[in-house]
Amino acid sequence: MAKTTTRRRRPTVKPVNPIAERLDALARNLRWTWHPETQNLFAAIDPALFDALDRSPLKLIKQVSAFRLDQLAADRAFIAQLAAVEKSLAAYLRAQGKAWFKRDTSGRDCRLRVAYFCAEFALHESFQIYSGGLGVLAGDHLKSASDLGLPLTAVGLLYRYGYYKQVIREDGTTHPTYPPYDFSELPITDTGKTVRVPMGGAKKTVMAKVWKAQVGRVELYLLDTDHAGNKKADDRAITHHLYGGDHNTRIQQETLLGIGGAMALEKLDVKPTVYHLNEGHAAFAGVYRLANLLKAGHSHDDAVAAIRASTVFTTHTPVPAGHDRFGQNDAMKYLNPVIKGSGLTRRTVLDLASEDLTKKDMPFCMTALALRLAAHCNGVAELHGEVSRQMWQGLYDAKKTSDVPIGHVTNGVHSQTWLAPEMYGIYDKYLKPKWDTFGAFDDPWAKAGKVPAEELWEARNVLRRRLVRFVRNRLEQQALRRGGDPAELLAAHNALREDALTIGFARRFATYKRATLLFKDLKRLDSIINNPKRPVQFVFAGKAHPADIPGQAFLQRIVEVSNMPKFCGKIVVVENYDMAIGRAMTAGCDVWLNNPLRPNEASGTSGMKPPLHGGINCSILDGWWPEGYNKKNGFVIGGKQFASQKKQDAYDAGSLYEILEDDMGPMFYTRGRGGVPKRWAKMMVESMRSVCAQFSTHRMVGDYTRQYYLPAHRG
């Protein structure tokens, strides 16, 4: 029988549309995530499709029809809008030398270059390499560094499956899903560089590909092991999941981030003068740098001094369980190839990571390692700085906590990322922020008193209505996904009121955050929510780690209560909390609720976002709120401390109910001329005036630069 030959067909290459090329170039710089004009440009292509694709420009360009692109090419208004946005981006990139950093520094300080290491970065909901607050803080840090012209290069990992997508079952349990991400649809480019990272053995290495994401003027380099260069499935899986896998995966990821990240900077010829380790995940970088200095002939004391002088370390958790610890043998398995030939001994390295030098069998603590190899250490709020000094006093053998060299830089948020489009008219008219030339310590919100109460109240009503419609749409989608009956779809469609006092709670569902505190007394809560004259409604969103059983139980309890007939449609839970839900809630909620068990909240940043829109905080005096609260700009829950958590929960819940009944409800619903609640509007203005500038990442990055980066650079 004669053989038949099959001719290979060449893959069909879609012709490149010049408009698509220009749009793709815009989408490759993540400045669009905080530039409303660029977002409006992408939305104009196909608003419904853009929203359906998590507002991802690259997915949109890939899926929009050729016919639509041809239409846009012939649309003079769209072409003019495209040209204006391109011109704006080009001008922004050119003006780095005129930004705050260059204006504020001179001489050799201008040669500062910061390398910023973090395990997660939240830049946009379509770029899922984050899980929660740490990632949001890191993403906002990069955006402010870009705006301020700070010479900063960031290092992280590129996760194929991200964290997890949350699907809430009807009974409130969570079904985590892990859809893979198509890297061609992410705003990243392949640098063409790879690094071979020692990974747990004398000859064992893993190849990491280095990708680049451009965040305005800042480069973010991301390491990826899931590629053909690694033949073993286990090696490829190292960068599959953020905070997933077992203990071994965790130490491999931290080896890749710290050691691989430092190697990648060398390969890219990036020469930092300061290394900023944002949390202990990248602490191995210090050992790698120390070993290299010793191999180059420096003395041990000089090498340690050099590493310490040039390293900034930020700790983010006052909860002991939040600090990574590994077995001594496990840690040295990954560090032995690094220290080989440097003169560093196993005992020396273990002592650097020990929480108690009098005990030789202590676990290898990543936070202890970072603290010992950094001369510049800080917590993320004033109270957290105090707690950290107490927590690590023994590490420094200090007689007084005040002698512990851990300071604080209070966290902030990137204002433009979180500001709702509906607020721009008010900002442009009364506050006049100069976004592109903003300085680290500029404060346009000092003029918040100029905003007429009527206009600010109307903006709040608009944002609340938008949130209600957003939530209804999400609830309908949740019901449809579960195969809900018509009654469930109707309930979703009618959930929430557009005119009721709306309170939001959205964050990571760690147990110390006490997401269920509101439900201590359901009878009393019923009287508050269903008050015919002063109704109150609550919107919940958040994720617990899939392995955090108590945290998952909290979520299940909230769903259970929300399904009770007396609370149905008045307490709602939105699944799959991400940046899009965060923006909608922080803009639309009248009040932001935060009730952690003090002093376990290191900082928290979600409550810094509502004041951008005249929103008000109601919080335990924990994290950032002790610095933000001034008795006129929000509400404080509790005030007394109890040794028993049961007593503490009962006291704090009672305090919250009293605020809702006696303060918040009457103030919100007592209306004056034009239907404006006069006292409430006054508190809205004060919230905006007192919080927005003080708790922005512009101020935060300015503080890091003056208090930590420049001293480290000079050292």
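**Close-up views of cavities and a helix pair**

**View 1. Seven residues surround the second largest cavity.** The second largest cavity is lined by Asp147, His414, Ser415, Gln416, Trp435, Phe438 and His698. Remember as you look that this is a predicted model. The space inside this second cavity is about 50 Å³. What classes of residue make up its lining? There are 4 polar residues, 2 nonpolar ones and 1 charged one in the lining of the second largest cavity.

**View 2. The largest cavity has a volume of about 60 Å³.** Around the largest cavity you can find Ala119, Leu157, Tyr159, Leu242, Tyr243, Arg250, Gln253, Glu254, Leu257 and His281. Which helix gives the most to this lining? Look for helix α10, residues 247–267, which contributes 4 residues. By class, the lining of the largest cavity holds 6 nonpolar, 2 polar and 2 charged residues. In total, the model has 7 cavities of 30 Å³ or more.

**View 3. Helices α22 and α26 cross at roughly 20°.** Two packed helices are described by the angle between their axes and the distance between the axes. Here, helix α22 covers residues 522–529 and helix α26 covers residues 645–669, and their axes come within 10 Å. Are they roughly parallel or roughly antiparallel? Angles under 35 degrees count as roughly parallel, so α22 and α26 are roughly parallel to each other. Their crossing is left-handed. On the α22 side, Arg524, Leu525, Ser527 and Ile528 make the contact, and on the α26 side the partners are Gly654, Tyr657, Glu658, Leu660 and Glu661. This contact brings together 4 nonpolar, 2 polar and 3 charged residues.

Note on methods. Residues numbered from 1 in each chain as written. Predicted model: local features only at pLDDT ≥ 70, side-chain atom pairs only at ≥ 80, totals over all residues. Heavy atoms only, no water. 1 Å grid on protein atoms, 1.4 Å probe; cavity = no way out; pocket = protein on both sides within 12 Å on 5 of 7 lines; lining within 4 Å. Points joined across faces, edges and corners; volume = space filled by probe spheres on them. Helix = DSSP H or I, 4+ residues; strand = E, 2+ residues; numbered from the N terminus. Nonpolar A, V, L, I, M, F, W, Y, C, P; charged D, E, K, R; others polar. Axes fitted to C-alpha atoms, helices over the stretch in contact; angles between N-to-C directions. Parallel < 35°, antiparallel > 145°, perpendicular 65-115°, else oblique. Left-handed = near helix turned anticlockwise from the far one by under 90°. Contact = heavy atoms within 4.5 Å.
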